[in-house]
Amino acid sequence: MEANKKNLNVEKKRGFKVPNAYIIVIGIMIFVSILTYIVPAGKYAEITTASGTTVLDPNSFTYVEQQGISLWQFFTAFYAGLQKNQAIIFFLFLLGGYFKIIIDTKAVDGFISLLIDKLGNKVLITIPILMLVMSLLGDAGVLINPVVAFIPIGILLANRLKLDPICAVAVTFVAAYQGFSTTQLCGPTLQTAQAIAELPVLSGFGYRFVIWAIVFVATALYTMRYAKKVSQDPTKSLVYGDYEIMEVKEDEITKFEARHGIIMLIMLVGFGIYSYGAVKYSWGMDYMAAIFFIVGVSGGIVGGLNGDQIVKSFVDGCKEMCFSAMLMGCAAAISILLSEGSILHTITHAFALFLQNFPAYISAPLMYVANVLVNFFVSSGSGQAVVVMPIMAPLADLVGVTRQLAVCAYQFGDGLSNCIFPTNGTMMACIALAGVKYEKWLKWILPLFVIWSVIIMIALMIGVMIGIA
């Protein structure tokens, strides 16, 4: 009888199905739309700085007439979100196609086989090596939204190492966003925020570098610990039963050949050229798309693919990106509803008033917390800089926190929380592509996010004590 009850409970648990990622986004949109009837509408006036950047005037907040979202606005927000992120969406389709060409040459398979052969029983060393590369690319601002295209490579690696899809997302997306979140270079976020706060560009480099290094080590160790546990016992995986490791027979293993080395070299040169241009000349997605068009096609030719095969691989890669790319557009609809409902500025203003009540060594960590919460509503890093920094900079002066630390609080709060909030289209796209359900992802990432937050808050408190400027 007791056994029957247990079986019944198991069946009930199995009967619950977590909603699709699109349903989660739509649910948040409904919630936000309701908030536009509850939260008082408010606006800051916009001003243009000497550098030509349009920001909010921190002393101009006023309440305005309530503008609750209408049913028509709710439905048009989907198209508006896709339109807002159209450049990123098309870019992901292209990059997904180019990388699929490279993957179909078996060059990545061959390279992973080479690593496994050389490392022997130390295969997990591959994880921190790849994570370091991804973190540095994220630090440079090269891989933020484009990281979605790297998930298939992460899945290939995880499959060969007998790991799960969470590891695939961790070594690619999480590593890249860890670098982006603690960057010393990234123009769209760090440099934009420093310009608004009237700080020298790239100032505070050493302080940020130390934080980047500490957060990277913590992230790599956390990931390696989980990966080791899964490799020793697959039932320890948080997504056990949701995925299948493809058994690779000895005669199916791709041996690393000279042409694979040439293809990987072409990829490396492509990344090198773009990374240099992104840092030196602020190249954007158009340059990266052009460079990887050359990388993809030339790699396909070297890999022995004919014209028809290259085109088929490209189209297949675009298809694989469809679910994820469109999801990024839908997630953008949330911030559109907040803006059209005129409650985004009200939420920011409430945070600013709250922070004025604390001493400097408490205010700095609370600024981080505030930016984490704001990022739920404003998932764009540069967009959040424009919204919060005009308020955070003068607020920092009032509470005795340096403007440099105010920029750090924004930077860390915006970047790291992108790994937990479903309003971040890139994260949702990555876990969807890897086949990881959102609630399983949260179970893995939340402890790491807590570790990050403890490190960041201690670092900000130390920054106040030593006067980082």
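**Cavities**

I began with the largest cavity, which is lined by Ile127, Gly154, Leu157, Ala158, Leu161, Leu163, Cys167, Ala168 and Val171; a cavity here is a set of points on a 1 Å grid over the protein atoms alone where a 1.4 Å probe fits but cannot get out, and lining residues have an atom within 4 Å of a point. The elements that give two or more residues to this lining are α7 and α8, helices being DSSP runs of H or I of at least four residues and strands runs of E of at least two, numbered from the N terminus. I noted that the model is a predicted one, in which local features need pLDDT of at least 70 and side-chain atom pairs count only at pLDDT 80 or more, while totals for chains, interfaces and linings use all residues. Residues are numbered from 1 along each chain as its sequence is written, and side-chain values use heavy atoms, with hydrogens and water left out.

The volume of the largest cavity is about 40 Å³, a volume being the space filled by probe spheres set on the grid points, which are joined across faces, edges and corners.

I then looked up the second largest pocket, with a volume of about 640 Å³; a pocket is an open set of points with protein on both sides within 12 Å along at least five of seven lines. Of its 21 lining residues, Phe111, Leu130, Val133, Met264 and Met267 are the closest to its centre.

**The core**

The largest nonpolar core holds 153 residues, of which Phe173, Met367, Met389, Trp441 and Trp444 touch the most other members; such a core is a set of buried Ala, Val, Leu, Ile, Met, Phe, Trp, Tyr and Cys residues joined through side-chain atoms within 4.5 Å. Helix α8 (residues 165-181) gives the most to this core, with twelve residues. Buried residues make up 53% of the 469 residues in the protein chain, buried meaning under 20% relative accessible area, exposed over 50% and partly exposed in between, with a 1.4 Å probe and protein chains only.

**Aromatic pairs**

Which rings link into a cluster? I found that ring pairs join Tyr222, Tyr226, Trp441 and Trp444, where rings of Phe, Tyr and Trp (its six-membered ring) pair if their centres lie within 6.5 Å, and planes under 30 degrees apart count as stacked, over 60 as edge-to-face and the rest as tilted.

The count comes to 21 aromatic pairs. The rings of Phe376 and Phe421 have centres 5.3 Å apart and planes at 90°, so this pair is edge-to-face. Phe376 lies in helix α15 (residues 360-377) and Phe421 in the loop between α17 (403-416) and α18 (425-434), 45 residues apart. Phe376 counts as buried at 17% relative accessibility, and Phe421 is buried at 15%.
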